[in-house]
Structure formats: C-alpha cells, structure tokens
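Visitor: I would like to learn how to read a structural model, one feature after another. Could you take me through this one?

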Amino acid sequence: MDITASLPLYKIGLKTGIIFNNKKLTQTTYMTIVIASNVKKDFIFTDKFIKKYTTYLDHKIQDDAFNWAMAHKTYRMEKLSECLDILLKYDFKIFQLQLLTKSLTTQVYFDLHLENNSYQPFLFNYFDSFEKWLNREKFRSENFKTGFLKFIQKTRALAKHYSENDFQSEKVKNLLEGETNVQGSKWLGQRIEKVLDLKK
C-alpha cells in the first residue's frame with residue numbers, strides 16, 4: 001500500500017487518541033506519520049505534527065527523532081544544504097536513527113553531486129565511512145545489514161557511471177536488474193532515471 005494512503009487514518013488516530021499507548025507514541029508510529037506526510041508533501045502538517053507530538057515519544061529518543069524528522073522534511077522539500085546541515089551537526093544516538101540518517105546523508109550527497117561535481121569527493125568518502133560503520137556494527141539480521149550494504153554499493157556504482165567520460169547507459173539501466181534486498185530500491189530507481197535523463 002502507498003504509505004500516503006495511511007495518513008488520513010493516522011490523522012484520525014491522533015484526533016481520537018486511539019494510536020496512543022498510555023499517552024505515548026511509539027517511535028515506529030511517529031516515523032511512519034512523518035514519512036507519510038513528507039512523501040505526500042503535506043509539509044504544513046509535518047511541521048505541526050513534529051512540534052506537537054515529539055514530546056509524546058519516550059524522553060530518551062525525542063532529540064534524535066526531532067532532528068531526523070526535520071532532516072527528512074527538508075530533504076523532501078529539496079532543501080539539500082539545509083538537510084545536510086542538520087544531519088552533520090547533530091550526533092544521533094539511537095541505532096535505528098543512526099542507520100536511517102546515514103542512508104539519508106548518502107542520498108543528500110548523491111543529489112548534491114548531480115547538481116555540482118565538487119561534491120564528488122564528499123560523496124565517495126561518505127560511501128566508504130558508511131560502509132565501514134555497517135561492517136563494524138552488529139545486526140540482529142545479516143540479511144537486513146546486506147540490504148544497506150547493497151544500497152551503498154549500487155549508489156556508488158551509479159555515481160561512478162555518472163562521472164565517467166564514456167557514459168554507458170545500458171550499464172545504468174541494468175544496475176538493479178535481478179537484484180533483491182536492496183535498501184532504498186525505489187529511490188535508486190528514481191535516481192537511475194534521473195541520471196539517464198541528465199546524460200541524454
């Protein structure tokens with residue numbers, strides 16, 4: 001189901017209070033609402049939601065969740081520099097949000113690289129640091145870890161193809177062919193189309 005289809009139900013849940021557990025929101029519910037609202041580009045609602053409901057989270061995750069939500073919103077608004085500023089200045093402590101914000105930082109650097117080639121060294125350095133971080137961390141599921149590693153590998157390959165003087169569109173078109181378990185595959189598919197369009 002399209003995640004935006006769930007937004008009206010969550011809005012009803014917020015009004016009626018049925019999505020609260022002892023007057024608290026779970027991290028998953030909070031993040032799902034932010035993502036759904038931002039994908040729908042309902043940024044006014046996102047702002048109101050973040051300001052009103054971040055305090056309904058467990059106290060220890062509020063700062064991480066707030067900064068992640070603001071970064072996610074600014075990215076969806078295509079305010080890449082502002083998004084990067086949030087991601088690099090705040091030190092995320094909750095593991096899940098560390099993982100998601102590192103993925104988001106990769107996406108921001110990639111998009112900035114498409115706009116300005118001077119971001120290429122930052123992007124490739126970040127690929128390496130994110131990959132090393134993943135390999136150091138212990139995951140409950142190696143399959144889950146593999147999905148993020150593939151995300152880095154495929155995004156790196158796409159960036160390399162984009163930068164080549166001898167651009168080969170077929171290699172880009174086939175980048176995800178036969179691949180499974182790639183985190184962010186929808187985003188990657190969109191960036192493949194964008195790279196092909198830029199290289200026409």
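**Reading the fold and its residues**

Guide: Residues 24 or more positions apart account for 65% of the contacts in the protein with a separation of 6 or more, a contact being a pair with heavy atoms within 4.5 Å. This is a predicted model, in which local features need pLDDT of at least 70 and side-chain atom pairs count only at pLDDT 80 or more, while totals for chains, interfaces and linings use all residues. Residues are numbered from 1 along each chain as its sequence is written, and side-chain values use heavy atoms, with hydrogens and water left out.

Visitor: How many helices and strands does the secondary structure come to?

Guide: Helices (H or I, at least four residues) and strands (E, at least two) are DSSP runs, numbered from the N terminus. Here the protein has 10 helices and zero strands.

Visitor: What share of the residues counts as buried?

Guide: Buried means under 20% relative accessible area, exposed means over 50%, and partly exposed lies in between, with a 1.4 Å probe and protein chains only. Of the 200 residues of the protein, 45% count as buried.

Visitor: Is aspartate 111 buried or exposed?

Guide: Aspartate 111, which lies in helix H6 (residues 95–115), counts as buried because its relative accessible area is 7%. Leaving aside neighbours within four places in sequence, aspartate 111 is in contact with Tyr75, Leu80, Trp187 and Arg191.

Visitor: Which residues is lysine 150 in contact with, leaving aside its neighbours within four places in sequence?

Guide: Lysine 150, placed in helix H8 (residues 142–163), is in contact with Glu179, Thr180, Asn181 and Val182. The C-alpha atoms of lysine 150 and threonine 180 are separated by 9.2 Å, although the two residues are 30 apart along the chain. Lysine 150 has a relative accessibility of 21% and therefore counts as partly exposed.

Visitor: What is phi of asparagine 181 near?

Guide: As a general idea, most residues other than glycine have a negative phi. Phi of asparagine 181, however, is near 55°, a positive value. Asparagine 181 is found in the loop between helix H9 (169–173) and helix H10 (185–198), and counts as partly exposed because its relative accessibility is 31%.

Visitor: Where does glutamate 78 lie?

Guide: Glutamate 78 lies in the loop between helix H4 (62–76) and helix H5 (80–89), and its phi, near 65°, is also a positive value in a residue other than glycine. With 65% relative accessibility, glutamate 78 counts as exposed.
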